[in-house]
Amino acid sequence: MRVGPGLPEELARLANQPRVKVRRGGAPLTEGKCVVYWMQRAMRVVDNPALDVAIEAGNLLGLPVVVFFSLIPNYPNANLRHYHFLVRGLEDVAEDAAARGVGFVVRRHPDNALAPFLAEVQAALLVGDENPCREPERWRRALAARLQLPFWTVDADVVVPSSVFGRSFFLFHHFRPHLKKQLSQFLVPPRSVEPLYRWRPDRPIDGVVPGPALLNGLHGLDRTVQPSDAFTGGTHAALAQLRRFVTAPLGRYDVARNHPEVQGTSRLSPYLHFGHIGPLTVACAVQQEREVGRISAATEERFLEQLIGWRELSVLFVRHNENYDTWECAEPWARKTLTEHCADPRPHLYSFEQLECAETDDDLWNAAQREMVQTGWMHNYMRMYWAKKILEWTPDPARAYEWAVTLNDRYQLDGRDPNGYAGIAWAIVGKHDRPWFDRPVCGLVRPMSGASTAKKFDAQSYIRQNLG
Ligand SMILES: Cc1cc2nc3c(=O)[nH]c(=O)nc-3n(C[C@H](O)[C@H](O)[C@H](O)COP(=O)(O)OP(=O)(O)OC[C@H]3O[C@@H](n4cnc5c(N)ncnc54)[C@H](O)[C@@H]3O)c2cc1C
């Protein structure tokens, strides 16, 4: 390792940014030959602040960067549908990493352990990304305790790093002013730091080639849910989808976003979930449309309110609430009202299997469930209705929450995400919402009736599209 004058301060400056968390401190190993970026959440090379930090550190240390991806068969609640999308994305990572001059090594279970890889490539420093969900956070902590080299993680998949807020918020309008204050600093075009040292290992480093065969023979992988034909994974598909969205539907977003029967939203949530695209890339593309006058400031604001506002409020909810995936996350008012109404007669009681198979008496709900099972995605308006009905049709709110999480995580390509837990919490236990008027079953939690929902858009068309 070449140590230039003033290096420690430069590295310290890098590590002290709000987006970076030093999980294991200390100086990079003097005998190190590279900086390793352990890619887990932000599966992209373009607009990836974690990779940028790794490259900047490498440049300061005079070292190249190699990206390491460890493919395990049992990522919590993931199945073939998710893995298929993920693995498609790794092909783009390989292509883009080569173009950018950083290494990329994928290893599959059982040869996927990070520690031997770090030793083999003689890593000086390990950089990772952030994920607020329980297991990935636990893995990062466990790793930091075991490692013999410095380990930093970078909050790469939000516009404003979560550490800036340091807490969750009760309601969206409480969060909005805090968020607005930060946007001039963080809502800026993504950087793309050029690596000064190319990855050229002395000897070949074993790894598997990203491609469709990657999942063959991967034992222990849940193959019960088939891949979706409606979405192709990867950064390249995500950027193409972003271009399609900004050239047409974005202009009508304000109105069309509440019409599940038309494709009026970005449909980028699977890509954002897998980190195939960064939120900054999306936000800047939308800002640019407003700057050239193709969309109004109101449309821009409405879209960014979803992409940054609601999305990052959800991240803070998960980061600061360890019960995010059970009804235990309910605020006291919601817990009280739902408990009081627990014994109310339900209009219908369906089993988990009836719900999963879309066998209810409500065609609109069945259509939404089918959209999710068949395509791996459901329109936002229908997600709200879908979850509210599960609360009405199950024996108690704890079970409603559990079943909604199970179905959402199993079938949605964007499931297993802070947005999903916050969305379900909003619908079932009134999270980020205020008490409404007292009704049977839902109590003070905002209700959503089939009759009024179906009047707000062409429900018959949506039903035909999904029930055939
Ligand atoms: C019950 C329920 C379950 C949900 N489950 C998920 C889930 O598992 N994964 C998921 O990503 N989103 C979930 N959402 C939030 C929202 O429905 C989806 O993010 C949105 O429908 C995705 O479609 P889009 O990309 O076309 O959104 P667009 O309208 O184009 O919005 C752009 C982006 O903004 C973010 N966004 C939009 N609406 C919301 C919202 N209400 N809350 C948080 N972020 C939002 C998403 O990242 C989205 O991709 C859920 C909402 C509810 C009510």
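This note reviews the salt bridges of a predicted model.

1. Overall count. The predicted model contains 27 salt bridges.

2. D52 and R100. A salt bridge joins the side chains of D52 and R100, with an N to O distance of 2.6 Å. D52 belongs to helix α2 (residues 49-61) and R100 to helix α3 (residues 80-100), so this pair ties together parts that are 48 residues apart in sequence. Both D52 and R100 are buried.

3. K431 and E331. Between K431 and E331 there is a salt bridge whose closest N and O atoms are 2.6 Å apart. K431 sits in the loop between α17 (418-429) and α18 (450-455), and E331 in the loop between α11 (297-319) and α12 (332-340); the pair therefore ties together parts that are 100 residues apart in sequence. K431 counts as buried because its relative accessibility is 6%, under the 20% limit. E331 is likewise buried, its relative accessible area being 16%.

4. R446 and D433. The closest N and O atoms of the salt bridge between R446 and D433 lie 2.8 Å apart. R446 and D433 are each placed in the loop between α17 and α18, so the pair ties together parts that are 13 residues apart in sequence. R446 counts as partly exposed, at 26% relative accessibility, whereas D433 counts as buried, at 7%.

Technical notes:
Residues numbered from 1 in each chain as written. Predicted model: local features only at pLDDT ≥ 70, side-chain atom pairs only at ≥ 80, totals over all residues. Heavy atoms only, no water. Salt bridge = Lys/Arg side-chain N within 4 Å of Asp/Glu carboxyl O. Helix = DSSP H or I, 4+ residues; strand = E, 2+ residues; numbered from the N terminus. Buried < 20%, exposed > 50% of the residue type's maximum accessible area, 1.4 Å probe, protein only.
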